[in-house]
Amino acid sequence: MPAMRATLDQVDSLPLAERSEDRAVCVSMWAGLLERRPERVAAAAKLTARTYFDDGAMPLRPKAWSLALAHRIAGKENLARREWQAAEAVMRQRLKDEPANETYQVELAITLAWLEQREEAARLIGAVEPGWREEVKRSRQELLARYHAAAGDAAKVAAYLPAAIDRTVFMSRKVFPLDPWWDKVRDAPEFVAALKE
């Protein structure tokens, strides 16, 4: 964690144009989440007016996801809900513009799971998950794990971890204990066992 912060402190000295680039903002917000420092997430978010990070390498592409998690860390559930709703609006618009985009469909399902809109979330994920389960790609397995974590289903998260764990820094064993995304399933025996395997 200290090395990550030292690197990010160096990034803070870069020109604004470089600090406000999508990847830099997204990573800075994510680092703030790992540190459980909501103010750092908010500060990084202010560097861009973008609502969605198009960089496919980033795990939390709707910007509001990170802000919602930051508010949860701070115990501000109403503000968190507002950010999940902002993410919902972004994802509905993207899906309206590209109705066949399965990634957008899954990201909307994830958002709805965080909003406890379980029926619609399950319907959306149910249309995509069977095909993605058979077409094993790390990025898809990661999104499915994130969906089931948002829904609080540790057993299903554990089923997708073998294909996604330790493939990127965002899904490494060292990050899972820190990342608030996994808070709903963190102590579940299936999740703990999957991390040990």
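Is Ala-49 buried or exposed? Select Ala-49 to begin: the residue is exposed, with a relative accessible area of 78%. Here buried means under 20% relative accessible area, exposed means over 50%, and partly exposed is in between, with a 1.4 Å probe and protein chains only.

Before going on, note that this is a predicted model, in which local features need pLDDT of at least 70, side-chain atom pairs count only at pLDDT 80 or more, and totals for chains, interfaces and linings use all residues. Residues are numbered from 1 along each chain as its sequence is written, and side-chain values use heavy atoms, with hydrogens and water left out.

**Stop 1: the loop with Ala-49**

Ala-49 sits in the loop between α4 (38–45) and α5 (63–73). Helices (H or I, at least four residues) and strands (E, at least two) are DSSP runs, numbered from the N terminus.

**Stop 2: Ile-73**

Move to Ile-73, in helix α5. Ile-73 is partly exposed, at a relative accessible area of 25%. Select Pro-180 as well: Ile-73 and Pro-180 are 107 residues apart in sequence, yet 7.7 Å apart in space, C-alpha to C-alpha. Leaving aside neighbours within four places in sequence, Ile-73 is in contact with Leu-33, Arg-36, Pro-38 and Pro-180. Contact means heavy atoms within 4.5 Å.

**Stop 3: the nonpolar core**

Which residues have the most contacts inside the largest nonpolar core? Select Trp-84, Ile-110, Trp-181, Trp-182 and Phe-191, which have the most contacts inside this core of 62 residues. Helix α7 (residues 102–114) gives the largest share of the core, 8 residues. A nonpolar core is a set of buried Ala, Val, Leu, Ile, Met, Phe, Trp, Tyr and Cys residues joined through side-chain atoms within 4.5 Å.

Keep Ile-110 selected and show what surrounds it. Not counting residues up to four places away in sequence, Ile-110 touches Trp-65, Leu-143, Arg-146, Tyr-147, Ala-150 and Trp-181.

**Stop 4: Glu-116**

Next select Glu-116, in the loop between α7 and α8. Glu-116 has a positive phi of about 65° although it is not a glycine. At 46% relative accessibility, Glu-116 is partly exposed.

**Stop 5: α8 against α9**

Two packed helices are described by the angle between their axes and the distance between the axes. Select helix α8 (residues 118–134) and α9: their axes come within 11 Å and cross at roughly 155°. That angle makes α8 roughly antiparallel to α9. Axes are lines fitted to C-alpha atoms, for helices over the stretch in contact, and angles run from 0 to 180 degrees between N-to-C directions. Angles under 35 degrees count as roughly parallel, over 145 as roughly antiparallel, 65 to 115 as roughly perpendicular and the rest as oblique.

On the α8 side, the contact is made by Arg-118, Ala-121, Ala-122, Ile-125, Glu-129, Trp-132 and Arg-133; on the α9 side, by Arg-140, Gln-141, Leu-143, Leu-144, Tyr-147, His-148 and Ala-151. These residues divide into 8 nonpolar, 2 polar and 4 charged. Ala, Val, Leu, Ile, Met, Phe, Trp, Tyr, Cys and Pro count as nonpolar, Asp, Glu, Lys and Arg as charged, and the others, Gly among them, as polar.

**Stop 6**

Arg-140 counts as buried at 19% relative accessibility. Setting aside residues up to four places away in sequence, Arg-140 touches Glu-102, Trp-132 and Glu-135.

Gln-141 is also in helix α9 (residues 138–151). How buried is Gln-141, by relative accessible area? The value for Gln-141 is 4%, which is buried. Not counting residues up to four places away in sequence, Gln-141 touches Trp-132, Arg-133, Glu-135, Val-136, Tyr-160, Ala-163 and Ala-164.

**Stop 7: α10 against α11**

Select helix α10 (residues 154–164) and helix α11 (residues 189–196), whose axes come within 7 Å and cross at roughly 15°. That makes α10 roughly parallel to α11. From α10, Ala-154, Ala-155, Val-157, Ala-158 and Leu-161 make the contact, and from α11, Glu-190, Phe-191, Ala-194 and Leu-195. By class, this contact has 8 nonpolar, no polar and 1 charged residues.

**Last stop: Asp-166**

Finish at Asp-166, in the loop between α10 and α11. Its phi is near 60°, a positive value in a residue other than glycine. Asp-166 counts as partly exposed, at 41% relative accessibility.
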